[in-house]
Amino acid sequence: MADRFSKEHRSWVMGRVKGGDTRPEMTVRKAAHRLGYRFRLHRRDLPGKPDLVFPKFRKAIFVHGCFWHSHKGCRRATIPASNAEFWTAKLRRNVERDTLAAATLTEEGWEVLVIWECQTKSEPNVENILRDFLRGTAIQRESEGHAVADIKS
Ligand SMILES: [Zn+2]
């Protein structure tokens, strides 16, 4: 059987299979950390189990693989040629789940952001996205062992 997954898709799949954290997720986490934000991971009590949660600001981020979450217009969001029906149905269910999770979170007063795998190629790009999303929120920094609140302009 032909290997239809690109190397990136394969590592994404393997990351998921092993239940591990994926590279795009790690890139986003590192960037958020660099910017001085505190966050929680994979809050199971929240709809869709967001990848990064900023509880104080009621903001949540999903880091989505372009293939698994059918990133619209993205060249990585292709339907495999074999078993096309299976994949179409499976990927559609994923998108429906994502949509429902985001809608529920929004109803509950959360601000939700999706960062796509293809946006995480560039670390400065990820930092800009995070800055825009978290702008104006008080950021917590560790200062000599004390957590201090700080307003970021
Ligand atoms: Zn994409």
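**Salt bridges and a metal site**

Glu 111 and Lys 59 form a salt bridge in which the closest N and O atoms are 3.9 Å apart. Because Glu 111 belongs to strand 4 (residues 111–116) and Lys 59 to strand 3 (residues 59–64), this pair ties together parts that are 52 residues apart in sequence. The model that shows this pair is a predicted one. The two partners can also be described by their accessibility: Glu 111 is partly exposed, with a relative accessible area of 43%, whereas Lys 59, at 6%, is buried.

This pair belongs to a set that comes to 8 salt bridges by the rule applied here. Side chains of opposite charge can pair when their charged atoms come close. Another of these pairs is made by the side chains of Glu 123 and Arg 34, with an N to O distance of 3.5 Å. Here Glu 123 lies in helix 4 and Arg 34 in helix 2 (residues 23–34), so the contact ties together parts that are 89 residues apart in sequence. Glu 123 has a relative accessible area of 41% and is partly exposed, and Arg 34, at 45%, likewise counts as partly exposed.

A further salt bridge, at 3.4 Å from N to O, joins the side chains of Arg 131 and Glu 127. These two residues are 4 residues apart in helix 4, and are therefore separated by about one helical turn. Arg 131 counts as partly exposed at 31% relative accessibility, while Glu 127 counts as buried because its value of 16% falls under the 20% limit. Through salt bridges that share partners, Arg 34, Glu 123, Glu 127 and Arg 131 are joined into one network.

The metal site remains to be described. The zinc ion is coordinated by Cys 66 (SG), His 71 (ND1), Cys 74 (SG) and Cys 118 (SG), at 2.1 to 2.4 Å, and the donors follow the spacing C-x4-H-x2-C-x43-C along the chain. The angles among the 4 donor atoms run from 101 to 115°, and the site is tetrahedral. Among the coordinating residues, His 71 is buried, with a relative accessible area of 17%, and Cys 74 is buried as well, at 15%.

Definitions and conventions:
Residues are numbered from 1 along each chain as its sequence is written. This is a predicted model: local features need pLDDT of at least 70, side-chain atom pairs count only at pLDDT 80 or more; totals for chains, interfaces and linings use all residues. Side-chain values use heavy atoms; hydrogens and water are left out. Donors are N, O and S atoms within 2.8 Å of the metal (3.2 Å for Na, K and Ca); water is not among the atoms, so sites may look incomplete. Four donors count as tetrahedral if all angles lie between 85 and 135 degrees; four count as square planar and six as octahedral if opposite donors are over 155 degrees apart and all others between 65 and 115; anything else is irregular. Buried means under 20% relative accessible area, exposed over 50%, partly exposed in between (1.4 Å probe, protein chains only). A salt bridge is a side-chain nitrogen of Lys or Arg within 4 Å of a carboxyl oxygen of Asp or Glu.
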